[in-house]
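This briefing walks through a single protein chain, topic by topic. Please keep the sequence and the model at hand while reading.

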Amino acid sequence: MCGVVGIWRRDGGAIDPGDIDRMLAPIAHRGPDDAGAWRGLNVALGHRRLSIIDLSAAGHQPMVTADGAGVLVYNGEVYNYRELRRELERESAVFRGNSDTEVVLEALHRWGPEYAIPRFNGMFAFGYFDQREGALWLARDRTGIKQIYIADTGRELLFGSEIKALLAHPKLTARPDPAKLIKALVLKRRGHETLFEGVEGLLPGSWWKLTAGSIEKRNYFDFETAIDIDRLVAAHRETDIGSYVEKFRKGLTESVRLHLISDAPVGVMCSGGLDSSLIAAYAHDDLKGITGYVADLPPGAGEGAAAELVGRHIGMPIRRIEVERDAYLRLWPEAIRHLDGPPFHRSDTALLAVTKACRADGIKVLLTGEGADEMFGGYPWQHATYRRWRLRAWMMRFLPRLFGRNVRQRWHAFPIKGMWGAGDHLLWNRLSMGLDADNALLPRRLMGRLSGLPTLADRAFFADGVADMTGILSLLLHRHDHMGMAASIEMRVPFLENDLIDFALHLPRHAKLNRGRGKWVEKVAALERLPREIVLAKKRPFPIPADFMRGSERLLKDGMLADQFGWSCATADAIIRDCKWAAKWAADLRSSAVGMELWLRQRFGGETAEAQGETLARLAHAPQ
């Protein structure tokens, strides 16, 4: 796991040799083990290395092919690199070391990126310069586990693993984008999106090809088009779904085995929830002595007890990371600095506490359970969508005169909203269309694409799930990468292995949601390995008390967020009062608004994360 940067000069002119060093400096935490740079006539590439596979100097980057015509800066892990290496060796390729980086470079150079990239099974973001045709290729893995951001200065195009690397370039001026700020507050943002004018993220499952005359952009994978409708329809006709449990078990076991490949120490997240606990159990099978990590917030009353129950059951030691309120508040601004924006969830800071503890213990690789809820139907709102559509179908069948064509059209237009379609969520739908029309229309497109499924409820359930794969999952993976690399930790997600993704996309609804229980195949498989009370427990949010952030809303008084949105004093006071309510929505508002305030002050007000942490701790103890 590493950090990459690069500069492409459009006019073919020379690049300032110091610019790559300036861009690498802010992301030194991504690669404390090594650093390097390569410069051509109009291209410069830089790399910070966190050595995981082949710790020797043979893994140094930027890496150059034997003929000198191909150069690679690469961040991530391709887990099927041994299989690809054997295939390349049969084609007479010669390797100098044992890293997956060298295999990726040889595959790109020998086979061409268009053929090689879809064959990579893992997580990656890279820049590859092919001097034979003068082309710079940028690419990301299919689900977007690893990020790459791009900015245009007019004369030069910049790319990097984090936004702060781009902003270190002297020709790029950082300005907040008002529309993106509003979207971040209202809809949240997806992992490839930024809050800056002129800075964008490469889409998951896509590549760019830059040449002197053009920029070609292409998606090689997306969840919507990856669904084989005929295969999915056939799966829904299958009544014996026990075979799916065995396929899931074998698939996850093999994926965990691949994700344990490392020449550096490995740990595993074990929150006491189903997903991370099952990953921990399978990891412990292959790597005896592996330690499980859990964030225990508040100390003694968080997820630690459930994680220890799992640990005792499978014979794995559990390390409970307890974080008091003041420590949490001091970490909050640091998390924002590494995220290059406000947090998605209050648990982002808790994750940073865990990765810091892992690093202190000498761990460099951490397996996690992200992705299972999105792919296997684990979220309560997905279940609610299915229930609503079963009722809708019943009403349209038995009360056709009351529910005519107009109502049915409204329901199809807004398939995962409220019971009555557009009417009861009109404001939300208008906001979604105005701020993110393409994503808002995705469920509608999917309802048409999935027309072969046996029921409307099945179609809506799948539409909801795929929307989560492109939305919520993107946010989770963004924080996953940034909170891990903040502590120089490579975080791996076995649920997002290529074959498991394909399996989940073509799993029938009744193998995901069965008898009111989501993640059915996973739970049946997990009952063989985990305590029953862990497997069948209701999904619960991360238990960070709202009181942890109480008092922080005072930062909004005469703050930069008020200036950005043009709030009057009365409006700011009203928002501050709303943040003090005990309801969950008030805690979410406080987290989002204060998080954005802290980010604005860091990026545009010159405040440090350390000073902000002290301020938050002081406000927490001031009289309310």
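Is Gly6 buried or exposed? Gly6 counts as buried because its relative accessibility is 0%, where buried means under 20% relative accessible area, exposed over 50% and partly exposed in between, with a 1.4 Å probe and protein chains only. The model is a predicted one, in which local features need pLDDT of at least 70 and side-chain atom pairs count only at pLDDT 80 or more, while totals for chains, interfaces and linings use all residues. Residues are numbered from 1 along each chain as its sequence is written, and side-chain values use heavy atoms, with hydrogens and water left out.

**Surroundings of selected residues**

- Gly6 is found in strand 1 (residues 2-9); helices (H or I, at least four residues) and strands (E, at least two) are DSSP runs numbered from the N terminus.
- Leaving aside neighbours within four places in sequence, Gly6 is in contact with Ile20, Met23, Ala44, Leu45, Leu157, Leu158 and Phe159, contact meaning heavy atoms within 4.5 Å.
- Gly6 and Ala609 lie 603 residues apart along the chain, and their C-alpha atoms are separated by 27 Å.
- Gln382, a residue of helix 15 (residues 380-398), counts as buried because its relative accessibility is 1%.
- When residues up to four places away in sequence are not counted, Gln382 touches Asp373, Glu374, Gly377, Phe461, Asp464, Gly465 and Asp468.
- Gln564, in helix 24 (residues 560-565), counts as partly exposed because its relative accessibility is 28%.
- Apart from residues up to four places away in sequence, Gln564 touches Pro176, Pro178 and Leu181, and its C-alpha atom is separated by 9.9 Å from that of Asp177, a residue 387 residues apart from Gln564 along the chain.

**Nonpolar cores**

- The largest nonpolar core has 107 residues, and those with the most contacts inside it are Phe120, Phe126 and Phe376; a nonpolar core is a set of buried Ala, Val, Leu, Ile, Met, Phe, Trp, Tyr and Cys residues joined through side-chain atoms within 4.5 Å.
- Helix 18 (residues 456-470) provides the largest share of this core, with eight residues.
- A second, separate core of 67 residues includes Val199, Met269, Phe542 and Cys579.
- Phe120 touches Val78, Asn80, Leu84, Val104, Ala107, Leu108, Phe126 and Asn498, residues up to four places away in sequence not being counted.
- In soluble globular proteins, nonpolar side chains tend to be buried together.

**Cavities**

- The structure holds three cavities of 30 Å³ or more; on a 1 Å grid over the protein atoms alone, a cavity is a set of points where a 1.4 Å probe fits but cannot get out, and lining residues have an atom within 4 Å of a point.
- The second largest cavity has a volume of about 110 Å³, a volume being the space filled by probe spheres set on the grid points, which are joined across faces, edges and corners.
- This second largest cavity is lined by 15 residues, of which Cys2, Arg49, Leu50, Asp100 and Thr101 lie nearest its centre.
- Strand 5 (70-78) and helix 3 (100-111) each supply at least two residues of that lining, and strand 5 gives the most, with three residues.
- The lining residues of the second largest cavity divide into six nonpolar, six polar and three charged, where Ala, Val, Leu, Ile, Met, Phe, Trp, Tyr, Cys and Pro count as nonpolar, Asp, Glu, Lys and Arg as charged, and the others, Gly among them, as polar.

**Backbone geometry**

- Gln61 and Pro62 are joined by a cis peptide bond with omega about 0 degrees, and Pro62 has its place in the loop between strand 3 (43-49) and strand 4 (63-64).
- Another cis peptide bond, with omega about -10 degrees, joins Leu297 and Pro298; Pro298 lies in the loop between strand 14 (292-296) and helix 11 (304-314).
- Ser488, a residue other than glycine, has a positive phi near 60 degrees and is found in the loop between helix 19 (472-485) and strand 17 (490-492); Ser488 counts as buried because its relative accessibility is 8%.
- Arg515, although not a glycine, has a positive phi of about 55 degrees and lies in the loop between helix 21 (509-512) and helix 22 (520-526); Arg515 counts as exposed because its relative accessibility is 83%.

Terms used:
1 Å grid on protein atoms, 1.4 Å probe; cavity = no way out; pocket = protein on both sides within 12 Å on 5 of 7 lines; lining within 4 Å.
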